[in-house]
Amino acid sequence: MIEIRFEERVKIGLQYVLESLHGCSPFGQEKIRRLRFYMPEERAELETELYNVERAAAAADRLKDQYTKLMTGLCQMKDIRTSLRRCAEGETPDHVELFEIKGYLQRLDGLRPLLAEIDAVTHFEGIVLHDPKPALAILDPDGTGSRGFYIPDSATAKLKEVRQAKKDVEERLFHAQTDAEKDDLRLKRTRLCAEEDAEEMHVRRAMGAALAPMVDDLLADAETSGRLDFIIQKALFAVRYGGIRPELTETELELTDMINPEICDLLSEQGRSFVPVSIRLEQGATVITGANMGGKSVAMKTVALNALLLQAGFLVCAKKARMPLFHSVKMLFDDLQSIQSGLSGFGSEIVQFQKALTEVEKGYSLFLLDEFARGTNPDEGAVIVQAVTRYLNGVNAISLLTTHYDKVAEYARLHYQIIGLRDVDTEKIRRELSVTDEDGVAVIARHMNYGLYRVEGRSDCPRDALNICRMLSLKPEILKMVEESY
């Protein structure tokens, strides 16, 4: 089962995606809060979900008004599942529970024709609501259609008799003259109220018993309402970020022009745009190299985000996608170290690596290591990452590593580099920096190409760090020593 901790969700942008959704019904909100990841053996269910989301997204413009009405109706629903289960277990529902169940059924009845309108365009699979009228007839036997809940006099002959007697006593009490007469009438009214309450309880028990055989269908409708709510939210998300339905593969993953919504929005606020990333991964280890500010981690996390979006039944944020389903997705990032363990940063990395690897080796997985072995000295770190890369080539998983160590990529199945400053005129940037008060790092970042390119044959890590030192006018004496060392 795929479990992604809150910190990891935040790190890759998944929490941002979930918080951008606005589930309307309590059932839809629950589905967002308790996000489900489909496992490989649930592929047929996932295919159905993806089909429905794709159809809903394709019709979003045409069905805009219907979606708005649907979401309004869903927002008015209350979570009545506990009350329904009490009815199924033979317990007596109180007035408030029956009022809420009735309101739920009325809103359900109002959603059915709206769903029929939507379904005529989308042709959803497996989205069906039962007819709530038989259940409504139990709670509204006189067919008033009122929004409130009231047990009518006609419910039982005794209830009608007791209420009439109570009404007569209340009329006499209104006209009573003496205290003794008033006290006697109040006592009679109290007794009649107790009889009325007892009789109403019998009626409520009977209503609960009559609802009991329908509870499974009504609970299924709550599930369907939540599912429909979530499908519409996923569809609107796909429209917002250009989501597409990927082709499902057995092992290979290929994403063309994928994006990360959170970073896209952040850059948009700054007047910048996200550089789409394309990558193809297969079983074994793939290494991404590049300068520290070159976007290696962003590329990795964007892969992780889109893999998880797929397994949660979302359309993925890419122009084109071919993707497998994973038994587990494990991520080791620099901010997930165990500070309380008493271990050094490197020791913590190794402990987490061992735990993650145990899960990864249980089934076809996605394993992501961001700058692994950064907690030790560079010479040892490079040797360790090289060994890890060689080992992961034999593991039944797609393993993706980012590193700034040299010679690691020699042991990987695939090697990608961040384009970075490869095609940039560094002298031009130096001139720009010399005439502006803008932060130098921001200027360089604006010129950085965060796209990936496939490296064929041997290639060390790019020397963007040296170029950055030059552009930021590192002290000439230091720069000269650095250049000599290269």
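Which ring does the charged end of Lys234 sit over? Select Lys234 and Phe230: the charged end is over the Phe230 ring, 4.3 Å from its centre. (A charge counts as sitting over a ring if NZ of Lys or CZ of Arg is within 6 Å of the ring centre and within 35 degrees of the ring normal.)

Before moving on, some housekeeping. This is a predicted model, where local features need pLDDT of at least 70 and side-chain atom pairs count only at pLDDT 80 or more, while totals for chains, interfaces and linings use all residues. Residues are numbered from 1 along each chain as its sequence is written, and side-chain values use heavy atoms, with hydrogens and water left out.

The structure has seven aromatic pairs. (Rings of Phe, Tyr and Trp, the last by its six-membered ring, pair if their centres lie within 6.5 Å; planes under 30 degrees apart are stacked, over 60 edge-to-face, and the rest tilted.) Zoom in on Phe237 and Phe314, an edge-to-face pair at 5.7 Å centre to centre with 85° between the planes. Phe237 belongs to helix α11 (residues 215-241) and Phe314 to the loop between α13 (296-311) and β6 (316-317), so the pair ties together parts 77 residues apart in sequence. (Helices are DSSP runs of H or I with at least four residues, strands are runs of E with at least two, and both are numbered from the N terminus.) Phe237 and Phe314 are both buried. (Buried is under 20% relative accessible area, exposed over 50%, partly exposed in between, using a 1.4 Å probe and protein chains only.)

Next, select Phe353 and Phe372. Their rings form a tilted pair, 5.0 Å centre to centre and 35° between the planes. Phe353 is in helix α14 (residues 345-360) and Phe372 in the loop between β9 (365-370) and α15 (378-392), so this pair links parts 19 residues apart in sequence. Phe353 is buried at 9% relative accessible area, and Phe372 is buried at 4%.

For another charge over a ring, pick Lys301, which lies over the face of Phe333 at 4.8 Å from the ring centre.

Last stop: strand β7, residues 320-323. Colour Ala321 and Met323 for its covered face, then Lys320 and Arg322 for the uncovered one. Now show the neighbours. Strand β2 (residues 247-248) pairs with β7 in the parallel sense over two bridges, and Leu248 has Met323 as its bridge partner. Strand β3 (residues 253-258) runs antiparallel to β7, joined by three bridges; here Leu255 partners Ala321. (Strands pair if DSSP finds at least two bridges between them.)
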